[in-house]
Amino acid sequence: GMSRGQVPFDAARAQAAFQTIERNASQIPPLFPANSQQGKTAALPVIWERKADFDGHATKLAQDAKAAQTGITDQASLQPAIQRVGQNCGGCHESYRRKES
């Protein structure tokens, strides 16, 4: 709601959300160890074929989320931060996640 102006801007809450994203992003690469692509999963095999690129996406997500924590000071600065971080999420999902049917 804060990103759409439906809830008043609260820097502490926004920073906490980006801290959570940063923490979660750093936990992504270990969730996909070598030879773990067995079973029912939305993960595409290309994750393991291009593991360094996949891990790089997670690192960039964490870095952008960390930068957002200090870069947001008001509603106007929140929007671009959300877009940068969201592009990281979407870019990874486009390449490495099976589309829902």
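**Entry 1: helix α3**

I looked up what lies over the buried residues of α3, and the cover includes α1 (11-26), α2 (46-49) and α4 (75-96). I took contact to mean heavy atoms within 4.5 Å. The model is predicted, so I note that local features need pLDDT of at least 70, that side-chain atom pairs count only at pLDDT 80 or more, and that totals for chains, interfaces and linings use all residues. Residues are numbered from 1 along each chain as its sequence is written, and side-chain values use heavy atoms, with hydrogens and water left out. Helices (H or I, at least four residues) and strands (E, at least two) are DSSP runs, numbered from the N terminus.

I then checked the length of α3. Helix α3 has 21 residues (51-71), which at 1.5 Å a residue should span 30 Å, and its end C-alpha atoms are 30 Å apart, which agrees. The expected span is 1.5 Å times one less than the number of residues.

Next I listed the buried residues of α3: Phe54, Ala58, Leu61, Ala62, Asp64, Ala65, Ala68 and Gln69. They cover an arc of only 165 degrees around the axis, which puts them on the same side of α3. The arc is that of the directions from the helix axis to the C-beta atoms. The face turned away from this buried side carries the exposed residues Ala52, Gln63, Lys66 and Thr70. Buried is under 20% relative accessible area, exposed over 50%, and partly exposed in between (1.4 Å probe, protein chains only).

**Entry 2: aromatic pairs**

I searched the whole structure and found three aromatic pairs. Rings of Phe, Tyr and Trp (its six-membered ring) pair if their centres lie within 6.5 Å; planes under 30 degrees apart are stacked, over 60 edge-to-face, and the rest tilted.

The ring centres of phenylalanine 32 and phenylalanine 54 are 5.0 Å apart and the planes are at 75 degrees, so this pair is edge-to-face. Phenylalanine 32 lies in the loop between α1 and α2 and phenylalanine 54 in helix α3, so the pair ties together parts 22 residues apart in sequence.

Phenylalanine 54 also forms an edge-to-face pair with tyrosine 96, at 5.2 Å centre to centre and 80 degrees between the planes. Tyrosine 96 is in helix α4, so this pair ties together parts 42 residues apart in sequence. I looked up burial too: phenylalanine 54 has a relative accessible area of 3% and is buried, and tyrosine 96 is buried at 2%. Phe32, Trp48, Phe54 and Tyr96 form one aromatic cluster.

**Entry 3: nonpolar cores**

A nonpolar core is a set of buried Ala, Val, Leu, Ile, Met, Phe, Trp, Tyr and Cys residues joined through side-chain atoms within 4.5 Å. I found 12 residues in the largest one, among them Met2, Phe18, Leu61, Ile72, Leu78 and Val85. The elements giving two or more residues to this core are α1, α3 and α4. Helix α3 gives the most, with four residues. A second, separate core of eight residues includes Phe32, Ala43, Ile47 and Cys92.

**Entry 4: lysine 51**

Lysine 51 is in helix α3. I find its side chain joined to that of aspartate 55 by a polar contact of 2.7 Å. A polar contact is a pair of N or O atoms within 3.5 Å; within protein, one must be able to donate a hydrogen and the other to accept it, and residues adjacent in sequence count only if both atoms are side-chain atoms. Leaving aside neighbours within four places in sequence, lysine 51 is in contact with Pro29 and Phe32.
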